[in-house]
Amino acid sequence: MRAGPWLRLCALGALAVVALVVASGELGIAHRALVLVAGPLLVAMVLGSWFAHRRAFGFSAAALLLFGAAVASWWSRPLHLALAGAATALTVLATARLYSGAPATRVSWRDYVTLTKPRIMSLLLLTGGAGMFVGAQGVPPAGLFAATMVGLGLACGGASALNHLLDRDIDQSMGRTAKRPVAAGRVSPELALEFGLALSALSFVLLASVVNVLAAVLALVGNLFYVLVYTRLLKRSTPQNIVIGGAAGAVPPLVGWAAATGNLALPALFLFLIVFFWTPPHFWALALLIKRDYQAARIPMLPVVRGERETARQILLYTLVLVAVTLLPVLTGTFGPLYLVAAVLLGAWFLRLAWSLRQDLVPRRAGILFHYSLAYLALLFIAMALDPLVL
């Protein structure tokens, strides 16, 4: 069967950029930038070929190896160009293999959107955008902001699509997720893989070429941590899955800060820690509501392993730590009065809800806490973004 549109897009992009690398000739800045763009596209093509279209894997892997050898042979221009030319030829052959065969099954655009988990993405983009405002100490340049949000959105969407792929067996066992595109069979695992790899590769290309390499690397690290560490390893093995795995969701503010400043500093760490400590009480409140689903899927979430009482106690403890962490940026002078007022008021209400859940452990209170936690994080990061504008 012919490869899906997303893997073919990566192949065409890789072919075009590799050809431009060869054509650019001189080893100047433009040449190096093209090399940076071609690399992720070739990696995505190799991974997609290995997992879904083995007919093209040999050519794809050889193209990547020769491309890497060409990069390493920069000291010898004739050898450098010869290896790059060979990589181009093999990329042509791999692309041809991916385009041959019967057409892939068509998929609704709605299912593609669902694969990116747009609701989760919207909150991640908000924290990333706020990170840019904080880093810029005001309104960042519009073009840079737009490129960063698109690149970050592609990274989040790619990671979510790969999560759909890896969690399809779990999703089929849970009423809340049984109708997801891969779990329900509307999107094949191969196509979900291609889609996730393509978005991830395009994210790195866009961020590295238009924003900066640090932002691109951070987005890629967050992507890999969510897919490989949380989804593949932690989620199915430990009740602390969401505590450690929460680091992936805390990366977008770092991406935003790095996009605005080109570095990482103490204020960026504060943003990371706020999302990191917000994650457990948020997801454990949800876990209390759908405990039976997690039991059916044999996922060791805290309410399943340690019980509801212990979960409510941990929610209260983590909320206390979260509220304390949100005040640290004020003590160091990172934020001013607007943020302080928002952090205190929003945090006080969060603590009240967590205490109420601890005292009266019923689904209604868990639901209220879960939904409030979403509003809490959004409003807190909006206050961060606005704080420099009112000083």
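A crossing is called left-handed if the near helix is turned anticlockwise from the far one by less than a right angle, and right-handed if clockwise. Keep that in mind for this tour of a predicted model.

**Stop one: helix 10 and helix 11**

Select helix 11, residues 241-249, together with helix 10. Helix 10 passes helix 11 in a left-handed crossing. To see who makes the contact, show side chains for Gly-222, Phe-225, Tyr-226, Tyr-230 and Leu-234 on helix 10. Now look along the axes: they come within 8 Å and cross at roughly 165°. An angle over 145 degrees counts as roughly antiparallel, so helix 10 and helix 11 are roughly antiparallel to each other.

**Stop two: helix 9 and helix 10**

Keep helix 10 (residues 213-234) on screen and bring in helix 9, residues 189-211. Here the axes lie 7 Å apart, and the packing angle is about 160°. This pair is therefore roughly antiparallel as well. Which hand does the crossing of helix 9 and helix 10 have? Helix 9 passes helix 10 in a right-handed crossing. For the contact, pick Ser-200, Ser-203, Phe-204, Leu-207, Ala-208 and Val-211 from helix 9. Their partners on helix 10 are Val-213, Ala-215, Ala-216, Val-217, Ala-219, Leu-220 and Asn-223. Coloured by class, the contact of helix 9 with helix 10 shows 10 nonpolar residues, 3 polar ones and no charged ones.

Note on methods
Residues numbered from 1 in each chain as written. Predicted model: local features only at pLDDT ≥ 70, side-chain atom pairs only at ≥ 80, totals over all residues. Heavy atoms only, no water. Axes fitted to C-alpha atoms, helices over the stretch in contact; angles between N-to-C directions. Helix = DSSP H or I, 4+ residues; strand = E, 2+ residues; numbered from the N terminus. Parallel < 35°, antiparallel > 145°, perpendicular 65-115°, else oblique. Contact = heavy atoms within 4.5 Å. Nonpolar A, V, L, I, M, F, W, Y, C, P; charged D, E, K, R; others polar.
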